[in-house]
Amino acid sequence: MDFLDEPFPDVGTYEDFHTIDWLREKSRDTDRHRKITSKSKESFWELFKSLLDAWSGWVVMLLIGLLSGTLAGVIDLAVDWMTDLKEGVCLSAFWYSHEQCCWTSNETTFDDRDKCPQWQKWAELMTGHAEGAGAYVLNYFLYILWALLFSFLAVSLVRVFAPYACGSGIPEIKTILSGFIIRGYLGKWTLLIKTVTLVLAVSSGLSLGKEGPLVHVACCCGNLFCSLFSKYSKNEGKRREVLSAAAAAGVSVAFGAPIGGVLFSLEEVSYYFPLKTLWRSFFAALVAAFTLRSINPFGNSRLVLFYVEYHTPWYMAELVPFILLGVFGGLWGTLFIRANIAWCRRRKTTQLGKYPVLEVIAVTGITAVLAYPNPYTRRSTSELISELFNDCGALESSQLCDYINNPNMSRPVDDIPDRPAGPGVYNALWQLALALVFKIVITIFTFGMKIPSGLFIPSMAVGAIAGRIVGIAVEQMAYHHHDWIIFKNWCRPGADCVTPGLYAMVGAAACLGGVTRMTVSLVVIMFELTGGLEYIVPLMAAAVTSKWVADAFGKEGIYESHIQLNGYPYLDIRDEFTHRTLATDVMRPRRTTPLWRSSPRTAPRWRTGLSASFSAGTSPSPSVKNARQKQDGVVSSSVVYFTEDAPQLPATNPQPLKLRRILNLSPFTVTDHTPMETVVDIFRKLGLRQCLVTRSGRLLGIITKKDVLRHMAQMMNQDPESIMFN
């Protein structure tokens, strides 16, 4: 009996930590579509089913957009409330954040809009004193206590319920989209725990963001809805098309940047991105952004927290400081990647990795102790970036806007000229300089801990601080030395020449580009994020410069570096293979090893020599397992045949099992003298799982994707055995 004449659930599935065969998945989908098309002509019901199948992709995109947008809105609201909870509570409604509490109060004035009777700090609530050393110390202590509580809950939930919920998730998403199987990484428990612990981790005040993990959350949503449709649940290639679109929806809600999300998925995470996936990604990002906009988590009727409006154009001479910020971003990216990878490697190879809870508690404690005294590190990183991006209008009360006004000035509110900096600005500069050093150092140790941790917001914060400092310096130079030749042509006395907030925006783009090596999607995300459409050229200049500078020290961005560190079998399409080796140098078995000859195998011993004799589209182990469960007479001594016709066996022998249908009868082959440069390109562009090596039509061996990656590592003087799932 050929057991595979009957369809059963596990045929076509892959084992955990294995690579899928893209060509086989594509062929299976084509066969499925051909059957549906031919059946649709038979009856109206079959036609209706074919229409449902055609629309299932759009339905999945709609569901992904709705759920990811809703989750992002809930996360934003929860983070806003819990971040403020570390400092105080709203008496009228404890679930209100500080801003919501004061804006709903009838006793709030515009000048004191951050102070209202309904909002009380913990010291005032407990002791009745809002000022003084005792109140400061009590608020300081409770700030640290809340931070430690949030981080402890986050790391405990991750460790107990969903270990895969830690980290950014983008390196693993890239690996999964390239065809690797990590069971449970996009599961329901991971989705639930990642959503809850992301709120706790960001609220604890650690130097991390929620943007990277939101991509993971959106991909979990995509995987969840794939299980509702057999078209996607039974085909790993089609499932990855959905996950690519889900990644776009994740960035769309993380930054409020739908177009940037589609480009991010295309440029940064996707391995296979057909035109159909581009359209569906666009639709998923649109629905997700619309859902988030309907929830309105920021209360400003916009998709983003960082929306700014600048009233001054940029000038050609300003390209020099913009490019210098790009250089800084590239250097910062290189420093961060090398230091963070060194620390993560130390965590993996020493006793430190055995105590993830203690590590998180220690880093949280140090962060809270050092962050509280500085108002720019005490607040949430998103609020810090928002303040650094802002232009100083007539109604701003920030220290960064403490300029000395000319009493005779009578100009419109939107056209305030450059002014000399007051004591508040100089005080803010010192605090920002300290915040810059603090953010640079603490982010290195924070990213990679066993809690959800994104890198976009901390990187942008480093760049925004550096950019604001440079912007204020250029502004004051232009004011005090407007007769210098570099300022004379475009900066007249009394004119509004320099916008420091623009420099913060450019610096943020430069640092994010230096760390991730993004270019096109980064620029689009930044102008969608801020609404600064007029400032595309400065953003492009900074992004390209940061990439050039960072690439001079190493081609890998932070996500590729973490993929290498974890040993994921990811064949980067951007890597170049320039060595002159041949397929015969990489294949298994080596030429000195005798080749296994085909013969019947018994059920428990089918593995022996299998890889050298034929190319399987899937592992036979699920087939053998199901055969034992569903077919009578299959025992451990049953003979397994992979041929068309099994020979007649004596009646006393147990029932044989034929598994010919799981064989790949048209495997991809190369000759033993094919250059490895060509073989690597074939694996990249066709998404092969393995290919056979032949000479004059005779089988010599097999090359798998992991063999290719091991060989590439060996050629780069790395440990070839690191290419595995660590």
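Arg 517 is buried in this predicted model, with a relative accessible area of 5%; here buried means under 20% relative accessible area, exposed means over 50%, and partly exposed is anything in between, with a 1.4 Å probe and protein chains only. The residue sits in the loop between helix H20 (500-516) and helix H21 (520-530), where helices (H or I, at least four residues) and strands (E, at least two) are DSSP runs numbered from the N terminus. Arg 517 also has a positive phi of about 65 degrees, although it is not a glycine. As the model is predicted, local features need pLDDT of at least 70 and side-chain atom pairs count only at pLDDT 80 or more, while totals for chains, interfaces and linings use all residues. Residues are numbered from 1 along each chain as its sequence is written, and side-chain values use heavy atoms, with hydrogens and water left out.

Asn 296 is another non-glycine residue with a positive phi, of about 55 degrees. Asn 296 belongs to the loop between H12 and helix H13 (319-349). With a relative accessible area of 23%, Asn 296 is partly exposed. As for peptide geometry, Arg 588 and Pro 589 are joined by a cis peptide bond, with omega at about -5 degrees. Pro 589 falls in the loop between helix H23 (558-566) and strand E3 (601-602).

Next come the helices and how they pack. Two packed helices are described by the angle between their axes and the distance between the axes. H2 and helix H12 (residues 275-295) pack at about 35 degrees, their axes 7 Å apart; the axes are lines fitted to C-alpha atoms, for helices over the stretch in contact, and angles run from 0 to 180 degrees between N-to-C directions. The crossing of H2 past H12 is right-handed, the label used if the near helix is turned clockwise from the far one by less than a right angle, with left-handed used if it is turned anticlockwise. Sorted by class, the contact of H2 with H12 has 14 nonpolar, seven polar and two charged residues. In that count, Ala, Val, Leu, Ile, Met, Phe, Trp, Tyr, Cys and Pro are nonpolar, Asp, Glu, Lys and Arg are charged, and the others, Gly among them, are polar.

Then there is the surface. Phe 44, Trp 45, Leu 47, Phe 48, Leu 51, Leu 52, Trp 55 and Val 59 make up a nonpolar surface patch of about 880 Å². Patches are made of residues with over 30% relative accessible area and no salt bridge, like charges being joined within 9 Å and nonpolar side chains (Val, Leu, Ile, Met, Phe, Trp, Tyr) within 5 Å; accessible areas come from the Shrake-Rupley method with a 1.4 Å probe, and for residues only the protein chains shown count as cover. One member of the patch, Leu 51, is found in helix H2 (residues 44-85). Leu 51 counts as partly exposed, at 47% relative accessibility.

Salt bridges number 22 in the structure, each one a side-chain nitrogen of Lys or Arg within 4 Å of a carboxyl oxygen of Asp or Glu. In one of them, the side chains of Asp 29 and Arg 32 meet at 3.2 Å, N to O. Asp 29 and Arg 32 are three residues apart in helix H1 (residues 22-39), so about one helical turn separates them. Asp 29 is buried at 12% relative accessibility, whereas Arg 32 is partly exposed at 23%. Asp 31 and Arg 34 make a salt bridge as well, at 2.8 Å from N to O. This pair, too, is three residues apart in H1, about one helical turn, and Asp 31 is partly exposed at 33% relative accessibility.

In helix H27 (residues 705-715), Asp 707 and Arg 710 lie three residues apart, about one turn of the helix. Their salt bridge has its closest N and O atoms 3.7 Å apart. Asp 707 is buried at 7% relative accessibility, and Arg 710 is partly exposed at 25%. Elsewhere, a network of salt bridges links Arg 183, Glu 236, Arg 239 and Arg 240.

Finally, some pairs are separated in sequence but brought together in space. Arg 159 and Pro 356, 197 residues apart in sequence, have C-alpha atoms 8.6 Å apart. Arg 159 lies in helix H5 (residues 133-161) and is exposed at 51% relative accessibility. The C-alpha atoms of His 98 and Trp 81, 17 residues apart along the chain, are separated by 7.6 Å. His 98 is in helix H3 (residues 98-103) and counts as partly exposed, at 22% relative accessibility.
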